[in-house]
Each structure stands twice: as C-alpha cells, then as structure tokens.
Amino acid sequence: MSVQSLPSPLLSVHGLEKSFGGLKAVQNVNFEVKPGEILGLIGPNGAGKTTCFNLITGFYAPSAGRVLFKGEDITGRRPYVIAQKGLVRSFQKTNVLKPLTVFENVLAGHYLSTRQSLLDTFFPRAHVRQAEQAARDSAALIIETMGLSKRINTPAYVLSCGELRLLEVSVALAA
Ligand SMILES: Nc1ncnc2c1ncn2[C@@H]1O[C@H](COP(=O)(O)OP(=O)(O)OP(=O)(O)O)[C@@H](O)[C@H]1O
Ligand SMILES: [Mg+2]
C-alpha cells in the first residue's frame, strides 16, 4: 500500500498529559484512530483511562499535549463544542434518562441535529416534520444495530447493567 492511500486519522492524540496537584494521572499518551477502526484502551484501576477520555472530550483541560479530530485541533475546547463536531463519549457511570424508554433516550440523542425553534415546536413546518421522522428512523436503526430491539419501549430503569451500556453507546451514536 502506498503512503498516499493510507486513510488519515479521525482522532490523533499527541503527548497528552494531566496532573492533579503532584499526581500525574496521564503521561505522554499518543495514539491515532482511523476511520472504521475500533481501538481499546486498557489498564488497571487508576491507570488514567477515564481521565484520558475526559481530556479528549473537553471535560478536563490537558496539562500538555494536543488532540486533533478530523485534522482540527480541539485541545481544551468545551465538551458541547466537541460533541457538535461529532466526537461523542459515554460515561463510566451510566448517564441515561432513567424514566424514558430506550427509544426516547436514543431519540433525545439526536437533539444536536433536530434542535428547533419554539415556533417550530408548536407549528412544525414540513422540514421540521421530515427531520423528526428521519431522527425516529435513525433511532430505530441504531437500536436494532445495538441489539436492543426487544427493549425498544422499555423504560431505562428496568435495563440490566449490560443493556444500559449498550443504550449509552446508542445515545452517543445518535448524537
Ligand atoms: N478530578 C480528579 N482530581 C484528582 N485526582 C483525580 C481526578 N480524577 C482522577 N484522579 C486520579 O487520577 C488517577 C487516574 O484516574 P482515572 O479515573 O482516570 O483511572 P481509570 O483508569 O479510569 O480507573 P478505573 O479503571 O478505576 O476506572 C487516579 O489516581 C485518580 O485518583
Ligand atoms: Mg475509569
């Protein structure tokens, strides 16, 4: 394969570091994720995995290093700005809307792409109705892909821990 045909990375992390007082939680982390690639981050308790995700997604500002998403430097940007660019995370402690069903949670994940004005909420025009239908179709597809179809109308508080993880990834995919 020639160098030119290698896909450019979706996410690149260079020399990422985070100190909490005297504790170096993350030290010189470097990696790349290419389109279509699934990469695991493993390590013992307290190794700095969650801190790493918090740095990449803007929940913490790094002490050093850079994070590039689709070639753009997103180091230290606000979490909502990073999410709007399409880089979305789940949380170690599951963070879904417990009283809502699986479908409603995944639909809520589409909020960034279906946000509408107050007027559109009460008097939805054709393009708003189309966007809502597209979000519903997309939610159903994501739920099927994640193997949660049997739970589509089940409230989140009934789900097992494993199903909650799948739901959280579904919400992130929707966003
Ligand atoms: N906000 C914080 N303030 C101070 N220290 C922190 C903070 N967040 C994490 N740490 C410390 O940083 C280190 C790395 O923690 P982190 O939660 O990233 O580890 P982890 O690899 O996700 O662990 P686990 O496998 O238990 O989830 C730990 O020593 C932790 O106590
Ligand atoms: Mg962790």
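Select K70, in the loop between β3 and β4; helices (H or I, at least four residues) and strands (E, at least two) are DSSP runs, numbered from the N terminus. K70 is not a glycine, yet has a positive phi of about 50°. Is K70 buried, exposed or partly exposed? K70 is partly exposed because 14 other C-beta atoms lie within 10 Å. Under the rule used here, a residue is buried if 20 or more other C-beta atoms lie within 10 Å of its own, exposed if 12 or fewer, and partly exposed in between, with C-beta atoms placed from the backbone.

The model on screen is predicted: local features need pLDDT of at least 70, side-chain atom pairs count only at pLDDT 80 or more, and totals for chains, interfaces and linings use all residues. Residues are numbered from 1 along each chain as its sequence is written, while chains are lettered from A and ligands numbered from 1 in the order in which they are written.

**The sheet**

β3 and β4 form a hairpin with two residues between them, and K70 sits in the turn. The two strands pair in the antiparallel sense over two bridges; strands pair if DSSP finds at least two bridges between them. Select L68 and its bridge partner in β4, D73.

An open sheet of four strands has the order β2-β1-β3-β4, with antiparallel pairing. Which strands are at the edges? The edge strands are β2 and β4 (72–73), each pairing on one side only. In general, strands of a sheet pair through backbone hydrogen bonds, either parallel or antiparallel.

Select residues 11–20 and 64–69. These are strands β1 and β3, which pair in the antiparallel sense over five bridges. Two opposite positions can be picked out here: V13 stands opposite V67 in β3, and H14 stands opposite R66 in β3.

On the β2 side, how many bridges join β1 to β2? Seven bridges join these antiparallel strands. L11 has V33 as its bridge partner in β2. β1 and β2 also form a hairpin with two residues between them, and G21 in the turn has a positive phi of about 60°.

Stay on strand β2 and select N28. N28 has a positive phi of about 45° although it is not a glycine. N28 counts as exposed because 11 other C-beta atoms lie within 10 Å.

Select G40, in the loop between β2 and α1. Why does G40 count as exposed? G40 has 5 C-beta neighbours inside 10 Å, and therefore counts as exposed.

**Ligand 1**

Select ligand 1 and then the residues around the ligand: F20, L23, A25, G43, N45, G46, A47, G48, K49, T50, T51 and Q92. A residue belongs here if its C-beta atom, placed from the backbone, lies within 6 Å of the ligand. The elements that give two or more residues to this shell are β2 (23–33) and α1 (49–56). The largest share, three residues, comes from α1. By type, the shell divides into four nonpolar, seven polar and one charged. Here Ala, Val, Leu, Ile, Met, Phe, Trp, Tyr, Cys and Pro count as nonpolar, Asp, Glu, Lys and Arg as charged, and the others, Gly among them, as polar.

Move to residues 102–109, which are α3. The buried residues of α3 are V102, N105, V106, L107 and G109, and they pack against α4 (111–114), α6 and α7.

The largest nonpolar core has 13 residues; those with the most contacts inside it are V102, V106, A139, I143 and L167. A nonpolar core is a set of buried Ala, Val, Leu, Ile, Met, Phe, Trp, Tyr and Cys residues joined through C-beta atoms within 7 Å. Apart from this core lies another, of eleven residues, among them L16, L55, V67 and L87.

End on L167. Leaving aside neighbours within four places in sequence, L167 is in contact (C-beta atoms, placed from the backbone, within 7 Å) with V96, V102, N105, L148, A156 and L159.

Methods: Two residues are in contact if their C-beta atoms, placed from the backbone, lie within 7 Å.
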